[in-house]
Amino acid sequence: MHFPQFFWGTFLALWPVTVAWILPHPLAFRTTLYADTTQALPLVTDYEIPEDAVVMIKPAAMKRLRELRQTELKDPVNDTLILRMGVRSGGCSGMSYVMDFSSEDSIQEDDVVDEYADEKVKCVVDAKSMLYLYGLELDYSTELIGGGFKFFNPNAEESCGCGSSFGV
């Protein structure tokens with residue numbers, strides 16, 4: 001007997017059993033589509049989000065930024081953590097995210113600044129990157145593989161598997 005005949009014969013013979021098992025046991029699929037906001041849980045924050053923020057910092061990312069503020073700044077009680085975000089050409093999908101610490105004197109006149117005053121965190125986005133980052137959600141994951149800051153960009157038409165680049 002040839003394999004195709006064996007395969008289809010077995011498949012057809014077991015089909016009623018398979019269907020009988022699947023029907024009373026619906027498969028629970030978990031989707032991670034960004035556009036599906038019908039079942040989104042309300043965002044619970046313990047900090048105030050700036051009005052019309054360019055970059056929305058989610059609670060896990062804010063927790064990590066608080067930790068970084070304690071370790072990176074000389075005077076974490078009084079100093080403000082300046083997080084500069086932007087984009088540059090390159091990466092798997094055409095554009096890649098850039099995120100680094102900055103200083104108060106490096107803020108330019110045309111930069112957009114989201115200030116989380118109570119947290120002493122400022123998120124600075126340059127004018128060129130503003131077109132690509134408006135509405136971005138910054139999150140943080142503690143997973144061993146693929147952990148770190150995560151970018152959820154509503155402006156991206158495609159993104160790579162590593163999550164650090166996107167295309168428009």
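Visitor: Which residues does Met85 touch, leaving aside those up to four places away in sequence?

Guide: Contact here means heavy atoms within 4.5 Å. The model is a predicted one, in which local features need pLDDT of at least 70 and side-chain atom pairs count only at pLDDT 80 or more, while totals for chains, interfaces and linings use all residues. Residues are numbered from 1 along each chain as its sequence is written, and side-chain values use heavy atoms, with hydrogens and water left out. With residues up to four places away not counted, Met85 touches Val55, Val98, Met99, Cys123, Val124, Val125, Asp126, Leu133, Leu136, Leu138 and Phe151.

Visitor: Which residues touch the most other members of the largest nonpolar core?

Guide: A nonpolar core is a set of buried Ala, Val, Leu, Ile, Met, Phe, Trp, Tyr and Cys residues joined through side-chain atoms within 4.5 Å. Buried means under 20% relative accessible area, exposed means over 50%, and partly exposed lies in between, with a 1.4 Å probe and protein chains only. In soluble globular proteins, nonpolar side chains tend to be buried together. The largest such core has 24 residues, and those touching the most other members are Val55, Ile57, Met85 and Leu138.

Visitor: Which elements give two or more residues to this core?

Guide: Helices (H or I, at least four residues) and strands (E, at least two) are DSSP runs, numbered from the N terminus. The protein chain has three helices and nine strands. Those that give two or more residues to the core are strand 1 (55–57), helix 2, strand 2, strand 3, strand 5 and strand 6 (136–141).

Visitor: How many salt bridges does a search of the whole structure find?

Guide: A salt bridge is a side-chain nitrogen of Lys or Arg within 4 Å of a carboxyl oxygen of Asp or Glu. One of them joins Glu67 to Arg64, with the closest N and O atoms 3.1 Å apart. Both residues lie in helix 2 (residues 59–72), three residues apart, about one turn of the helix. Over the whole structure, the number of salt bridges found is five.

Visitor: How many residues apart in sequence are the parts tied together by Glu119 and Arg66?

Guide: Glu119 forms a salt bridge with Arg66, and their closest N and O atoms are 2.5 Å apart. Glu119 lies in the loop between strand 4 (112–116) and strand 5 (121–125), whereas Arg66 lies in helix 2, so the parts that this pair ties together are separated in sequence by 53 residues.

Visitor: Is Asp111, the salt-bridge partner of Arg84, buried or exposed?

Guide: The closest N and O atoms of Arg84 and Asp111 are 2.8 Å apart. Arg84 lies in strand 2 (residues 81–89) and Asp111 in the loop between strand 3 (95–102) and strand 4, so the pair ties together parts that are 27 residues apart in sequence. Arg84 is partly exposed, at 21% relative accessible area. Asp111, with a relative accessibility of 12%, counts as buried.

Visitor: Which residue takes a positive phi in the hairpin of strand 4 and strand 5?

Guide: Two strands pair if DSSP finds at least two bridges between them; strand 4 and strand 5 pair in the antiparallel sense over five bridges. Val113 stands opposite Val124 in strand 5. The hairpin has four residues between the strands, and the residue with a positive phi, near 55°, is Lys120.
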